[in-house]
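Visitor: I would like a quick tour of this model. Please keep it brisk.

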Amino acid sequence: MTKPWESRIVGLEHLPPASLNAHPSNFRIHPIGQKEALSGSLGSIGWVQTVVMNRVTGRIIDGHLRVALALARGETTVPVTVVELTEAEEAQALLSLDPIAAMAETDREKMSTLMQMVDAQDEAVLQYLEA
């Protein structure tokens, strides 16, 4: 029998976005279209994904853009999943979270069905969904 996967999640908190530290090695660059689409999505449905922060270093691992948008908008708190990782594990998480998610393929039929269910009003969100 294989060993169960270890949970590195140690908490869920709502923290002021100004208290969160961007990871200095974050290699993601967020184009204006992505910023507008994410801002529109947050505006229409709110938070459905947390920011991920490493308690050991106090740095953001995932959610840099969400934090930047929250700061620009004057949000008082953001939902944060707190994890406990070594710096080497933090680097691996920073490198792998988005690229692994990007490996997913699209089931066009299911996507089409979902698109018919969406009643998005934000133009940036609509443009993103139709792409």
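Predicted model: local features only at pLDDT ≥ 70, side-chain atom pairs only at ≥ 80, totals over all residues.

Guide: Residues are numbered from 1 along each chain as its sequence is written, and side-chain values use heavy atoms, with hydrogens and water left out.

Visitor: What pattern does the protein chain follow along the sequence?

Guide: Helices (H or I, at least four residues) and strands (E, at least two) are DSSP runs, numbered from the N terminus. The protein chain has five helices and four strands. Read in sequence order, they give β-α-β-β-α-β-α-α-α.

Visitor: What percentage of the residues in the protein chain is buried?

Guide: Buried means under 20% relative accessible area, exposed over 50%, and partly exposed in between, with a 1.4 Å probe and protein chains only. The protein chain has 131 residues. Its buried share is 27%.

Visitor: Which residues of α2 are buried, and what covers them?

Guide: α2 spans residues 64-73. Its buried residues are His 64, Leu 65, Arg 66, Val 67, Leu 69 and Ala 70. Cover is counted by contact, meaning heavy atoms within 4.5 Å. What covers these residues includes α1 (32-45), β2, β3, β4 (78-83) and α3.

Visitor: Which residue just after α2 takes a positive phi?

Guide: The phi is about 80°. The residue is Gly 74.

Visitor: Where does α3 bend?

Guide: α3 covers residues 87-102 and reaches 24 Å from its first C-alpha to its last. That is close to the expected 22 Å, taken as 1.5 Å times one less than its number of residues. A bend is the angle between axes fitted to the seven residues ending at a residue and the seven starting there. In α3 it is about 35°, with Pro 99 following within four residues, and the site is Ser 96.

Visitor: Which residues of α3 are buried?

Guide: An α-helix has 3.6 residues a turn, so residues three or four places apart point the same way. What covers the buried residues of α3 includes β2 (51-54), β3 (60-62) and α2. Those buried residues are Glu 90, Ala 93 and Leu 94.

Visitor: Why does Met 103 count as exposed?

Guide: Met 103 lies in the loop between α3 and α4 (108-117). Met 103 counts as exposed because its relative accessibility is 64%.
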